[in-house]
Amino acid sequence: MAIIAQDHIYILETARTHYVLGVDENGFSRHLHWGKKCAPGDYEIPPAEDENSNHSACDAMQQEYTVFGGTMYRPSALKVTFADGCRELELDFFGASYTDDTLVLTFRDRFYPLEAALHYTVYEADDVIGRFVTLKNTGSQPVAVQAAASAEFTLPAREPYRFCNTNGAWGGENRRTDTQLDGGELVFESRKGTSGHTASPYFIAHRGAGEESGEVFGAVLAYSGNFKVQASRDLYGVTRVLLGMNDFDFRYDLAPGESLDTPPVFFARGEGFGGLSRTMHAFAVSHILPGHFAGRPLPVLYNSWEATGFDVSAQGQMRLAEIAAGLGVELFVMDDGWFGERHNDHAGLGDWTVNAQKFPNGLDELIGRVNALGMDFGIWVEPEMVNPDSDLFRAHPDWAYHYPHRRADELRNQLVLNMTRSDVQEYVFACVDRLLSAHNICYIKWDMNRPFSQTGAENLACPQSLWYRHTRAVYAIVDRLRKRHPHVQFESCASGGGRSDWGALMHFDEVWPSDNTDAVDRMQIQQGYSLFGPAKTMRAWVTDISPVGRPVSLDFRFAVAMQGALSLGGNLLNYDEAMLQTCRKYISLYKELRPLVQFGDLYRLRDARSGIAFNQYVRADKKESAAFLTAPYCGFYRKQEPLMFAGLDEETVYTFELFGKTYEKSGAYLMHAGIPVRLRGDSIFAVIHLRAAN
Ligand code: GLA
């Protein structure tokens, strides 16, 4: 039984954790505990008392889902305005229903027709809990929702927590930050329409935890639109976190009888960052990713973008495909430039028909050749966008978000389509559906290359709901396409990692974490992504980009890219035989190691920010493991040091090769003593395949 209910107290029990909440005699949802398991009978609801005339009981107590109104002054999860102008909520408990692993607590406003149901699902064995909120208008007039977080958390200790998030940008996604919250507030958010490149829709809170030690609390929002993570700490040391859709420029008018589900949040406790990541990776693969490809290894892909840019043609792509096939590539993806008058980034977006000059015999000539070479074929689209210089825009200038008396700001010469319009949704669906129905296409790279602006949406009575409706529309179209074309894999891309969140992972099979394919930068980007993102969902290309002045070797670039869903993106026409041979060697090795990387337990043994990344992937039965060491440069001063492994079985003896030497060592030795190595020079890398000898 994952849910223990006793006298208005509900204990949500996972393998290692109790999350406990209750409802008090005044009808407030109360947060009671998040941490190690205690005796169920010990939990009780403390009395709620006004601290003083300036600090009400309501403001001071730990609630499970706070609402704006009355003497509540701190950030609250829910704010609405009722039809008569009343802007305050007074929720009262209405009832609880539960099964073995789900709990729903329903609250109703004491006067107005609004219901808020807190839903919890306990994934006991996975050690994860999911939650979301359903708001329902039970009356006959609209209710304006102005803020609706998905979850509110109170952290157990009174000492200050550190919050791990990211502070990135295009080309520099997933760069970790760790900020102590002594008092006041910390906000991580996106206002750009997608989750974006800067902050991440999650939090990891800890008090000095390390990679494998110390308690960490983590929660991730499965949503790709504007989000907000808002942490606050008061004078009494109570740290609270709200997580959900951003209330920035947000409003959603709930029509009579209408319900709104907030995006879900999934949360867990871990031993160190590594413990939390492993829990979340396993959970994402088993419960978050769309079913069809979740349990299957993802193919080795070649993408032509960095090789050809917009200069695509049937012949040029075929030449690349022939070389790629000879290397062991399984999926050939043609990127931007194949449609409409798309010769550069000034025109064509919106016109999803094959350019007849570039493909005089149609797309099937190329696809046929790719298939004959033994590879699947994939293609790039950016369906939420339009160039003003396109037939689509000339026919439907009103299809882009706009205000009649404001300029239309272009970024990359393009505008964002108003995806809340049903005619736009149908057009986008039909374009991609037509492509998939007419051709043997097995892979869609769905791109989205600019933030929103001039977000007028005359079609909506409440235009501020567009932020939410746009994201939902994208999900719905992708889901519809998947249903019609279940064999097609979908990748989420938004100028690199602008939409590489768990919301995307509920609808797409994989993400493009960054346009930056410099293997050295990638060491950090990938480790940052891996905090919540499973390796199999991370496309990782080997390209021709290398740090200027201190290039890294092709082997090094493979050692980095083999740690996700390996892909190639360089201009293969320029590769000499030795380089092609290197590609063949690593692609073949990757296929051997792929089950370990894509489904193993990840240990981040050295932090890439130190200049040396060392990551290990261990099979569940601990009989086999792959480890990747990459250091672009190690100084002459360095002494011999032990290379320590993790996650192995102490008793088992493992054989492997490292820097040309064969080893046979016990798991205990590898984890506690380590193999002495001397790391000096440029492009240091090792791909280590450990196998149980006994
Ligand atoms: C974006 C993507 C790239 C590539 C280009 C094509 O920048 O992130 O991977 O697809 O668009 O225009």
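Because the model is predicted, local features need pLDDT of at least 70 and side-chain atom pairs count only at pLDDT 80 or more, while totals for chains, interfaces and linings use all residues. Residues are numbered from 1 along each chain as its sequence is written, and side-chain values use heavy atoms, with hydrogens and water left out.

The ligand has 13 residues around it, of which Asp335, Asp336, Arg412, Lys445 and Asp515 come nearest; a residue is near a molecule if one of its heavy atoms lies within 4 Å of it. By class, this shell holds six charged, four nonpolar and three polar residues. In this grouping, Ala, Val, Leu, Ile, Met, Phe, Trp, Tyr, Cys and Pro count as nonpolar, Asp, Glu, Lys and Arg as charged, and the others, Gly among them, as polar. Taken alone, the ligand exposes 310 Å², and the protein buries 96% of that (Shrake-Rupley method, 1.4 Å probe).

The space taken by the ligand is the largest pocket, a molecule being assigned to a pocket if more than half of its atoms lie within 2 Å of its grid points. On a 1 Å grid over the protein atoms alone, a pocket is an open set of points with protein on both sides within 12 Å along at least five of seven lines, a cavity is a set where a 1.4 Å probe fits but cannot get out, and lining residues have an atom within 4 Å of a point. The largest pocket contains about 500 Å³ of space. Its lining has 28 residues, and Trp170, Asn449, Ala494, Ser495 and Asp515 are the closest to its centre. Of the lining residues, 11 are nonpolar, eight polar and nine charged.

Seven cavities of 30 Å³ or more were counted. The largest cavity has a volume of about 210 Å³ and is lined by 20 residues, with Asn174, Ser200, Tyr202, Ser500 and Asp501 nearest its centre. Strand β15 (215-221) and helix α11 (519-529) are the elements that give two or more residues to this lining, which comprises 10 polar, eight nonpolar and two charged residues.

The second largest cavity holds about 90 Å³ of space. Among its 13 lining residues, Gln526, Ser530, Met538, Leu602 and Tyr617 lie nearest the centre. At least two lining residues each come from α11, β31 (601-606) and β32 (613-618), and α11 gives the most, with three. The lining has six nonpolar, six polar and one charged residues.

Notes:
Points joined across faces, edges and corners; volume = space filled by probe spheres on them. Helix = DSSP H or I, 4+ residues; strand = E, 2+ residues; numbered from the N terminus.
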